[in-house]
Amino acid sequence: MNETAAMTLRLDDPATLALLAGAVLALVLLALLITIVRRAGRAADAAGQIGTVSRAVEALAQGQHELGGRLASVSESQQSGQAHIVAAMEARLAEVQAQVADRLHQTALHSARTLNDMQEKVNETLSGSSKQTATSLTQLTERLAQIDKAQANIEKLSGDVLGLQDILSNKQTRGAFGEIQLNDIVSKALPRDSYTLQATLSNGKRADCLIHLPNPPGPIVIDAKFPLEAYEQLRAANTDGEKTAAARAMRTAVKAHISAISQKYIVEGETADGALMFLPSEAVYAELHANFAEVVREGFAARVWIVSPTTCMATLNTMRAVLKDARMREQAGVIRKELALLHGDVERLGTRVGNLDRHFGQAAKDIEEIKISAEKAGKRAHRLDSFDFEELAPEEEAAVVPLAGPATAPTR
């Protein structure tokens with residue numbers, strides 16, 4: 001294996017290849033000489049050919065010698081080039097190793113910084129998470145407290161609902177509930193003197209509320225009715241038979257209420273030609289208008305109009321406008337009288353304003369005259385203040401002397 005490897009290495013050498021080529025050429029020439037010698041006896045001019053072959057062999061030997069020199073030169077050049085290439089490769093390899101080491105050092109530093117930054121971020125994240133967790137726990141505690149309060153309110157509301165159910169289960173308390181709700185709505189919509197609660201009519205019947213509307217239409221009665229049993233039976237019905245029976249009971253109950261209101265609270269000459277049946281439940285009112293339209297029409301025919309809390313408030317607001325208009329018509333004469341008195345007051349006010357304006361004009365004129373008199377007095381006082389009384393004294397004495405004796409000529 002070592003010899004084969006050594007031969008392989010020599011075959012890779014150019015000098016070895018050149019020697020092998022020369023050996024092969026020599027063998028070829030030797031074979032050619034043998035052939036020529038064998039054929040020497042066959043041709044007459046074998047001697048001449050041998051000479052030619054000899055010269056050719058000499059030329060070939062010389063060429064082989066020159067080839068060997070050139071191959072040696074090429075081998076030296078190749079060895080020198082290989083040494084130069086090896087040196088360049090070693091230098092490049094050292095440079096690459098230095099660059100790799102530098103890069104590895106920088107990478108290590110960068111990795112260390114990155115790890116530190118990541119550690120800091122992780123610490124900050126953990127700290128923020130701890131704070132956020134604490135905040136979340138605080139908020140959760142507050143919400144749990146609110147939930148506890150809401151639970152308490154729900155329990156209280158459940159008790160109130162049960163109490164309301166107990167109230168509505170009794171007809172008397174249910175009627176009182178409707179009357180209280182009706183009273184609350186009426187008191188908010190109308191003035192206190194425009195209605196009467198629990199009013200007794202001439203026929204001895206007591207109405208829940210009597211609205212004192214002017215004629216026409218006249219006082220109108222509002223009576224509260226609450227067919228709760230029939231409505232609950234209708235809501236609880238599951239089969240067709242139960243629904244039919246519940247609808248029949250609902251229809252019968254409402255018709256009975258309409259008939260009772262029409263007979264008791266519509267009194268000719270005393271009340272309006274109609275009355276209102278107040279249902280304190282929007283659900284019952286909606287059920288009647290949705291599935292019992294014929295009952296509502298029968299109420300219209302009996303002049304009994306069914307109202308809910310919402311529609312009752314709207315109706316009462318309309319009545320309030322009617323009452324206001326009626327009161328304005330009643331007070332029309334008083335309003336006209338007051339307007340006439342107001343007109344007289346306005347006229348007197350205009351006259352008195354005119355007199356006051358004249359007084360102001362006279363006062364302004366008097367003030368101007370007072371100013372003129374004051375200016376004149378001031379000017380005279382100024383002139384008096386500028387007089388020289390010492391120079392005027394001798395002249396006054398000379399003027400007085402002739403009155404005491406005979407006139408004499410003055411001496412100079």
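User: Which residues does Leu288 touch, leaving out those up to four places away in sequence?
Analyst: In this predicted model, Leu288 touches Met250, Val254, Leu279, Ala293, Val296 and Ile306.

User: What about a nonpolar core, and which residues have the most contacts inside the largest one?
Analyst: The largest nonpolar core has 31 residues. Met250, Val254, Met277, Leu288 and Ile306 have the most contacts inside it.

User: Which elements supply at least two residues each?
Analyst: Strand E2 (206–211), H5, H6, strand E4 (275–278), helix H7 (282–291), helix H8 (293–301) and strand E5 (304–307) do. H6 gives the largest share, six residues.

User: And the second, separate core, how many residues?
Analyst: That one has 20 residues, with Ile185, Ile222, Val307 and Leu323 among them. As background, nonpolar side chains in soluble globular proteins tend to be buried together.

User: OK, helices now. At what angle do H5 and H6 pack?
Analyst: About 160°, with the axes 8 Å apart. H5 covers residues 228–236 and H6 covers residues 240–264. Because angles over 145 degrees count as roughly antiparallel, H5 is roughly antiparallel to H6.

User: Left-handed or right-handed crossing?
Analyst: H5 passes H6 in a left-handed crossing.

User: Which residues meet there?
Analyst: From H5, Ala230, Tyr231, Gln233, Leu234 and Ala236. On the H6 side they meet Glu242, Lys243, Ala245, Ala246, Ala247, Ala249, Met250 and Ala253. By class, the contact of H5 with H6 has 10 nonpolar, one polar and two charged residues.

User: How far apart are the axes of H5 and H7?
Analyst: The axes of H5 and H7 are 11 Å apart, and the packing angle is about 70°. H5 and H7 are therefore roughly perpendicular to each other. Their crossing is left-handed.

User: Which residues make that contact?
Analyst: Tyr231, Leu234 and Arg235 of H5, and Ala283, Val284 and Glu287 of H7. The residues of the contact of H5 with H7 divide into four nonpolar, no polar and two charged.

User: Switching to Val304: where is it, and is it buried or exposed?
Analyst: Val304 is in strand E5. It counts as buried because its relative accessible area is 1%, and buried means under 20%.

User: What is it in contact with, ignoring neighbours within four places in sequence?
Analyst: Val304 is in contact with Ile258, Ile261, Ser262, Ala275, Met277 and Gly299.

User: And how far are the C-alpha atoms of Val304 and Val221 from each other?
Analyst: They are separated by 9.9 Å, while the two residues are 83 apart along the chain.

User: Backbone next. What is the phi of Gln198?
Analyst: Gln198 has a positive phi of about 55°, although it is not a glycine. Gln198 lies in strand E1 (residues 195–200) and is partly exposed, at 33% relative accessibility.

User: Where is Arg303, and what is its phi?
Analyst: Arg303 is in the loop between H8 and E5. Arg303 has a positive phi of about 60° and is not a glycine. Its relative accessible area is 34%, so Arg303 counts as partly exposed.

User: Last, the overall picture. How many helices and strands are there in the protein?
Analyst: There are 11 helices and five strands. Of the 412 residues in the protein, 19% are buried.

User: And of the contacts between residues at least 6 apart in sequence, what share joins residues at least 24 apart?
Analyst: 63% of those contacts do.

Terms used: Residues are numbered from 1 along each chain as its sequence is written. This is a predicted model: local features need pLDDT of at least 70, side-chain atom pairs count only at pLDDT 80 or more; totals for chains, interfaces and linings use all residues. Side-chain values use heavy atoms; hydrogens and water are left out. Axes are lines fitted to C-alpha atoms, for helices over the stretch in contact, and angles run from 0 to 180 degrees between N-to-C directions. Helices (H or I, at least four residues) and strands (E, at least two) are DSSP runs, numbered from the N terminus. Angles under 35 degrees count as roughly parallel, over 145 as roughly antiparallel, 65 to 115 as roughly perpendicular and the rest as oblique. A crossing is left-handed if the near helix is turned anticlockwise from the far one by less than a right angle, and right-handed if clockwise. Contact means heavy atoms within 4.5 Å. Ala, Val, Leu, Ile, Met, Phe, Trp, Tyr, Cys and Pro count as nonpolar, Asp, Glu, Lys and Arg as charged, and the others, Gly among them, as polar. A nonpolar core is a set of buried Ala, Val, Leu, Ile, Met, Phe, Trp, Tyr and Cys residues joined through side-chain atoms within 4.5 Å. Buried means under 20% relative accessible area, exposed over 50%, partly exposed in between (1.4 Å probe, protein chains only).
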